[in-house]
Protein chains: 2
Amino acid sequence: MAGSSEPTRVMVAVNESSIKGYPHPSISCRAAFDWMLSKLVRSNTGGFHLLFLHVQVPDEDGFDDMDSIYASPADFQSMKQRDKIRGLHLLEYFVNQCHQMEIKCEAWIKQGDPKEVICSEVKRVQPDLLVVGSRGLGPFQRVFVGTVSEFCVKHADCPVITIKRKADEAPQDPVDD
Amino acid sequence: MAGSSEPTRVMVAVNESSIKGYPHPSISCRAAFDWMLSKLVRSNTGGFHLLFLHVQVPDEDGFDDMDSIYASPADFQSMKQRDKIRGLHLLEYFVNQCHQMEIKCEAWIKQGDPKEVICSEVKRVQPDLLVVGSRGLGPFQRVFVGTVSEFCVKHADCPVITIKRKADEAPQDPVDD
């Protein structure tokens, strides 16, 4: 064990907060990241390699632009460009933190349905562990919003750890994150 | 993070193999233990404190004694004594391994329904993480045998990691473990 050479590869699914206008990490993915650092990585920063995956939902991101008028292909181009910048800004938060702690990491963006894309990326990248945050919604709320974490626990091809958001961090509407 | 003082407390649910007559650890709980050591604890043996919980199912253990005749209270006493010895033998396997690797650990036995007892022990002991092995049964087999791991993922009051048994380790009857 002391001689284990390859670092443990942990994929962390990260997403934007639904609360603020600017691309901050969601409360639950930040909680999952912090938990992983303090409880698993600990001082053993050389033993882990973190893989940050951000899945952008094309339609959902479009909602921010409800007031805009798209009159030309260039408008869509600039929207896509803006999405990309938002995604990069989000990943920057995590990559910067890793850099400060000298933890090796990679980060990338994919488009699509988060739960499907996370599971297909697990298949492709084959991490040792997948970490996902969860809003910890009750059964009634879950029916309406669905939960990415439950899907991943069932379908991802690697061990999955779900970190529930702490009750005192939950916003007024628990569906927000 | 480098200064995190308290070790990460990981509860590991362990059980006997259903295959062999003597109390060996089940394939799935041994797989979960090995995975945790190689992927999470790694060389950071001082950073983790392992808590081994073995839940004995009183009725199930009794099946070994189908041919016996219980004629007196003393017969039940000796059966209980034998159960206890089997349980201790199982825990000894894990405690010995930890001792060799200089990982701090504790181990204890409880009686009852494993899924209920594991969750109530999580409430009482408040570990940072619960690790459970899983036979990785298909949906059809699950209906009949139930799965402890699914219940714990839903109901335990701490993050849970389920380690699926590898396909090449599965016995002829996948319900065996």
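The legends below describe close-up views of a predicted model.

In this predicted model, local features need pLDDT of at least 70 and side-chain atom pairs count only at pLDDT 80 or more, whereas totals for chains, interfaces and linings use all residues; side-chain values use heavy atoms, with hydrogens and water left out. Residues are numbered from 1 along each chain as its sequence is written, and chains are lettered from A, with ligands numbered from 1, in the order in which they are written.

**Figure 1. Secondary structure of chain A.** Chain A contains six helices and five strands; helices (H or I, at least four residues) and strands (E, at least two) are DSSP runs, numbered from the N terminus. Along the sequence, these elements follow the pattern β-α-β-α-α-β-α-β-α-α-β. Of its 177 residues, 42% count as buried, where buried means under 20% relative accessible area, exposed over 50% and partly exposed in between (1.4 Å probe, protein chains only). Among contacts in chain A with a separation of 6 or more, 77% join residues 24 or more positions apart; contact means heavy atoms within 4.5 Å.

**Figure 2. Helices H4 and H6 of chain A.** Two packed helices are described by the angle between their axes and the distance between the axes. The axes of H4(A) (residues 114–125) and H6(A) (residues 148–155) come within 9 Å and cross at roughly 30 degrees, which makes the two helices roughly parallel. Axes are lines fitted to C-alpha atoms, for helices over the stretch in contact, and angles run from 0 to 180 degrees between N-to-C directions. Angles under 35 degrees count as roughly parallel, over 145 as roughly antiparallel, 65 to 115 as roughly perpendicular and the rest as oblique. The crossing of H4(A) and H6(A) is right-handed, meaning that the near helix is turned clockwise from the far one by less than a right angle (left-handed if anticlockwise). On the H4(A) side, the contact is made by Pro114(A), Lys115(A), Glu116(A), Ile118(A) and Cys119(A); on the H6(A) side, by Val148(A), Phe151(A), Cys152(A) and His155(A). By class, this contact has six nonpolar, one polar and two charged residues. Ala, Val, Leu, Ile, Met, Phe, Trp, Tyr, Cys and Pro count as nonpolar, Asp, Glu, Lys and Arg as charged, and the others, Gly among them, as polar.

**Figure 3. Helices H1 and H3 of chain B.** The axes of H1(B) (residues 27–41) and H3(B) (residues 73–101) come within 12 Å and cross at roughly 15 degrees, so H1(B) is roughly parallel to H3(B). Their crossing is right-handed. Cys29(B), Arg30(B), Phe33(B) and Leu37(B) of H1(B) meet Tyr93(B), Phe94(B), Gln97(B), Cys98(B) and Met101(B) of H3(B). These residues divide into seven nonpolar, one polar and one charged.

**Figure 4. Val132(B) and its surroundings.** Val132(B) lies in strand E4 (residues 129–134) of chain B and counts as buried at 3% relative accessibility. Its C-alpha atom is separated by 5.5 Å from that of Ala13(B), 119 residues apart along the chain. Leaving aside neighbours within four places in sequence, the contacts of Val132(B) include Ala32(B), Ser149(B) and Ile161(B).

**Figure 5. Lys104(B) and its surroundings.** Lys104(B), in strand E3 (residues 104–111) of chain B, is exposed, with a relative accessible area of 57%. Not counting residues up to four places away in sequence, Lys104(B) touches Phe48(B), His49(B) and Leu50(B).
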